[in-house]
Amino acid sequence: MVDTKLYLTPEDNLVLNQLREHGDAWIVGGWIRDTLLMIKSKNDLDIATTLLPREVMEIFPRTIPVGEEYGTVIVRLEGVSDREWEVTTLRKDGSYGDGRRPDNVSFGTNIIDDLARRDFTINAMAINKEDELIDMFGGEKDLHHNIVRAVGDANERIAEDGLRILRAFRYLDLEKDSLRTLDSDLENAIQKNTHMLGKVSKERITDEIRKILRSNNPYEIFYKMLKLGVLTEIMNDLDIDIEDCGRAEPMVILARFLKNNNYNGDELSKILKDKLKLTKKEIRCISFLHENRKLRFDNSIESIRRFKVLLSEEQKRTILQYHNADDFAKKYNSLEEGINMKPILDGTKIFEITGIKPSPKLGLLKDWIFRIQIEKNIQLEKEMIDILNGINWDDPEYQSWPKLCWP
């Protein structure tokens with residue numbers, strides 16, 4: 001017995017009761033794993049039912065038919081609640097011709113048949129309306145022994161759906177410095193079937209990789225993926241170096257894994273676009289970090305001031321994580337002075353003083369002057385004019401003037 005009363009919310013009970021008024025319904029998924037471990041679940045409550053999608057939508061008018069052909073809908077309640085419940089009709093899958101989705105789906109009424117088609121034992125449990133745990137494949141035992149094991153034949157499960165390879169690694173994660181273990185049959189099946197990842201969309205692969213990067217133990221899990229040939233299958237000819245750089249954002253960790261590749265930032269971005277479905281923001285972040293992978297931090301006040309003004313908040317945050325630049329970060333965070341973020345002397349004013357017409361030279365002089373303003377934290381126009389008058393702006397080698405940049 002599972003005492004669901006301790007964990008179900010009134011809204012959960014409302015959805016379950018309304019489904020059970022018209023058919024059978026069982027709790028399934030991650031909520032059960034958390035509840036058996038006596039953890040307050042962060043997972044949404046997933047439900048399996050004998051009702052067809054159209055019947056569920058009749059009961060809950062706000063339902064979203066996200067995968068109706070496979071029996072899955074998202075239930076939403078009337079009113080102000082923003083919670084959602086994934087409700088899936090019991091089914092038996094046909095063959096997996098594409099190595100990703102079943103060729104045909106038969107809706108059924110037998111919860112055991114439905115659980116038998118699932119990927120891992122810890123996901124193949126259900127709770128019925130009497131609060132009885134249905135566990136035909138030893139999921140509870142594997143859960144408490146921290147084992148990820150396939151339901152039935154591991155080779156068959158992986159051959160049905162290549163995405164299960166990455167899901168297996170994601171389920172290894174527990175709290176910090178604590179992992180589940182891959183069952184030996186599942187580990188062998190993954191190693192033999194890494195080619196199945198070629199049948200999975202880049203979107204789904206990238207989504208799983210993001211989840212692993214956000215996990216408590218990304219370095220240990222990715223090392224295991226590298227050892228079993230999974231990362232090689234995904235990243236192909238890219239060099240992967242798994243080095244623990246501590247807590248960091250997902251794209252910072254991924255950029256660190258790729259730091260030994262001898263490409264510039266733009267070149268690496270183009271290669272990654274062919275392998276993963278990253279967002280433009282994620283690609284920009286990796287490109288920026290890779291471009292600055294050999295950076296040596298200058299802890300001078302001038303450098304810290306340019307860092308403050310010239311980098312976006314995201315760039316500041318991620319590059320400090322990437323390089324574990326604790327000393328620089330400490331000095332930057334202690335910088336309390338106000339800095340003028342806009343040029344005191346614009347192009348028009350510089351032209352009036354120097355006579356340099358709008359041109360690349362004027363642009364470079366403007367940048368140099370603004371750099372000096374930032375580094376010296378100048379606030380007054382008179383001071384900037386004095387500095388400008390002290391510069392040899394007739395210098396024909398103006399291309400070598402200091403650039404407005406960081407580092």
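**A chat about Lys 316 and the rest of the chain**

Reader: Which residues does Lys 316 touch, not counting residues up to four places away in sequence?
Author: Leaving out residues up to four places away in sequence, Lys 316 touches Phe 307, Lys 308, Leu 311 and Tyr 332. Please keep in mind, here and below, that this is a predicted model.

Reader: Okay, and where does Lys 316 lie?
Author: Lys 316 lies in helix H16, which covers residues 313–323.

Reader: Is Lys 316 buried or exposed?
Author: Lys 316 has a relative accessible area of 5%, and because buried means under 20%, Lys 316 counts as buried.

Reader: What does the side chain of Lys 316 reach at 2.7 Å?
Author: At that distance the side chain of Lys 316 reaches the backbone oxygen of Lys 308, a residue that is also on the list of those touched by Lys 316.

Reader: Let me step back to the whole protein: how many helices and strands has it?
Author: The protein has 20 helices and 11 strands.

Reader: And what radius of gyration has the protein, next to a compact globule of 407 residues?
Author: A compact globule with that number of residues would have a radius of gyration near 22 Å, whereas the protein has 29 Å. Along its principal axes, the C-alpha trace spans about 85 × 50 × 35 Å.

Reader: What share of the residues of the protein count as buried?
Author: Of the 407 residues, 49% count as buried. The accessible surface of the protein comes to about 20400 Å², and 47% of that surface belongs to carbon and sulfur atoms.

Reader: What about contacts in the protein between residues at least 6 apart in sequence: what percentage join residues at least 24 apart?
Author: Among those contacts, 64% join residues at least 24 apart in sequence.

Reader: How many positive and negative charges are there, and how many Å apart are their mean positions?
Author: The protein has 62 positive and 72 negative charges, and their mean positions are 4 Å apart.

Reader: How many Å separate the C-alpha atoms of Tyr 219 and Glu 208?
Author: These two residues are 11 residues apart along the chain, and their C-alpha atoms are separated by 15 Å.

Reader: Changing topic to the backbone, what is the phi of Met 38?
Author: Met 38 has a positive phi of about 60 degrees, although it is not a glycine. Most residues other than glycine have a negative phi. Met 38 lies in the loop between helix H2 (30–36) and strand E2 (46–49), and, with a relative accessible area of 68%, Met 38 is exposed.

Reader: And what is the phi of Asn 146?
Author: Asn 146, which is not a glycine, has a positive phi of about 55 degrees. Asn 146 lies in the loop between helix H5 (139–144) and strand E10 (147–148). Its relative accessibility is 27%, so Asn 146 counts as partly exposed.

Reader: Is the peptide bond from Trp 406 to Pro 407 cis or trans?
Author: The bond from Trp 406 to Pro 407 is cis, with omega near 10 degrees, and Pro 407 itself is in the segment after helix H20 (381–389). Most peptide bonds are trans.

Reader: One more residue: what does the side chain of Glu 160 make a polar contact with?
Author: The partner of Glu 160 is the side chain of Arg 157, at 2.7 Å. Glu 160 lies in helix H6 (residues 154–160) and is buried, with a relative accessible area of 18%.

Reader: Last one: how many Å separate the C-alpha atoms of Ser 201 and Lys 316?
Author: The C-alpha atoms of Ser 201 and Lys 316 are separated by 33 Å, and the two residues are 115 residues apart along the chain. Ser 201 is in the loop between helix H8 (184–192) and helix H9 (202–213), and it is partly exposed, with a relative accessible area of 32%.

Key. Residues numbered from 1 in each chain as written. Predicted model: local features only at pLDDT ≥ 70, side-chain atom pairs only at ≥ 80, totals over all residues. Heavy atoms only, no water. Helix = DSSP H or I, 4+ residues; strand = E, 2+ residues; numbered from the N terminus. Rg over C-alpha atoms; globule rule 2.2 N^0.38 Å. Buried < 20%, exposed > 50% of the residue type's maximum accessible area, 1.4 Å probe, protein only. Contact = heavy atoms within 4.5 Å. Areas by Shrake-Rupley, 256 points an atom, 1.4 Å probe, with all protein chains shown as cover. Lys, Arg positive; Asp, Glu negative; His and termini not counted. Charge placed at Lys NZ, Arg CZ, Asp CG, Glu CD. Polar contact = N/O pair within 3.5 Å; in protein donor to acceptor, adjacent residues only side chain to side chain.
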